[in-house]
Amino acid sequence: MDESVTVTLCEDGPLLVRGRFELVTQDGQTIAPGRATVALCRCGRSSSKPFCDGSHKAIGFRAGTRPDPPL
């Protein structure tokens with residue numbers, strides 16, 4: 001069984017997390033994802049944070065799939 005976790009940056013959208021993972025708050029509380037693949041909000045406008053609700057489309061959020069170059 002593959003135990004790896006992948007995080008995929010979606011252009012102008014969320015982070016997709018696939019595999020066996022655990023979401024935990026900074027206080028150590030576990031957040032039940034409810035599925036094996038989740039979309040995490042990157043735009044900050046989701047009404048269901050940390051999960052994506054598609055708000056990035058309505059606000060015109062833009063982000064690439066590669067890291068920004070160092071300053």
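Where is the place of Cys43? I found Cys43 in the loop between β5 (37–40) and α1. I am working from a predicted model.

**Around Cys43**
I looked up the surroundings of Cys43 next. Leaving out residues up to four places away in sequence, Cys43 touches Ser55, His56, Ile59 and Phe61. I then checked the pair Cys43 and His56. Their C-alpha atoms are 5.9 Å apart in space, while the two residues sit 13 residues apart in sequence.

**Overall layout**
I noted 1 helix and 5 strands in the protein. From the N terminus on, the order reads β-β-β-β-β-α. The C-alpha trace spans about 35 × 25 × 25 Å along its principal axes. I took the burial figure too: 21% of the 71 residues count as buried. The accessible surface comes to about 5,400 Å², and carbon and sulfur atoms hold 51% of that. Among contacts with a separation of 6 or more, 27% are between residues 24 or more positions apart.

**Annotation**
In the model, the end C-alpha atoms of residues 3–62 lie 31 Å apart. That span is 8% helix and 27% strand.

**Core**
Which residues make up the largest nonpolar core? I listed 5 residues in all: Val17, Leu23, Val38, Leu40 and Phe51. Nonpolar side chains tend to be buried together in soluble globular proteins. I followed Val38 further. Not counting residues up to four places away in sequence, Val38 touches Leu15, Leu16, Val17, Phe21, Pro33 and Phe51.

**Surface patch**
I also looked for nonpolar residues on the surface. Val5, Val7 and Leu9 form a patch there, with about 220 Å² of accessible area together. Val7 belongs to strand β1 (residues 6–9). Is Val7 exposed or partly exposed? I put Val7 down as partly exposed, because its relative accessibility is 49% and exposed means over 50%.

**Salt bridge**
How many salt bridges does the count come to? I got 1. Asp12 pairs with Arg62, and their closest N and O atoms are 3.5 Å apart. Asp12 lies in the loop between β1 and β2 (15–18), and Arg62 in the segment after α1 (55–59), so the pair ties together parts that are 50 residues apart in sequence. I compared the two partners for accessibility. Asp12 is partly exposed at 21% relative accessibility, whereas Arg62 is exposed at 62%.

Key
Residues numbered from 1 in each chain as written. Predicted model: local features only at pLDDT ≥ 70, side-chain atom pairs only at ≥ 80, totals over all residues. Heavy atoms only, no water. Patch = residues over 30% accessible without salt bridge, like charges linked within 9 Å, V, L, I, M, F, W, Y side chains within 5 Å. Areas by Shrake-Rupley, 256 points an atom, 1.4 Å probe, with all protein chains shown as cover. Salt bridge = Lys/Arg side-chain N within 4 Å of Asp/Glu carboxyl O. Helix = DSSP H or I, 4+ residues; strand = E, 2+ residues; numbered from the N terminus. Buried < 20%, exposed > 50% of the residue type's maximum accessible area, 1.4 Å probe, protein only. Core = buried A, V, L, I, M, F, W, Y, C linked by side-chain atoms within 4.5 Å. Contact = heavy atoms within 4.5 Å.
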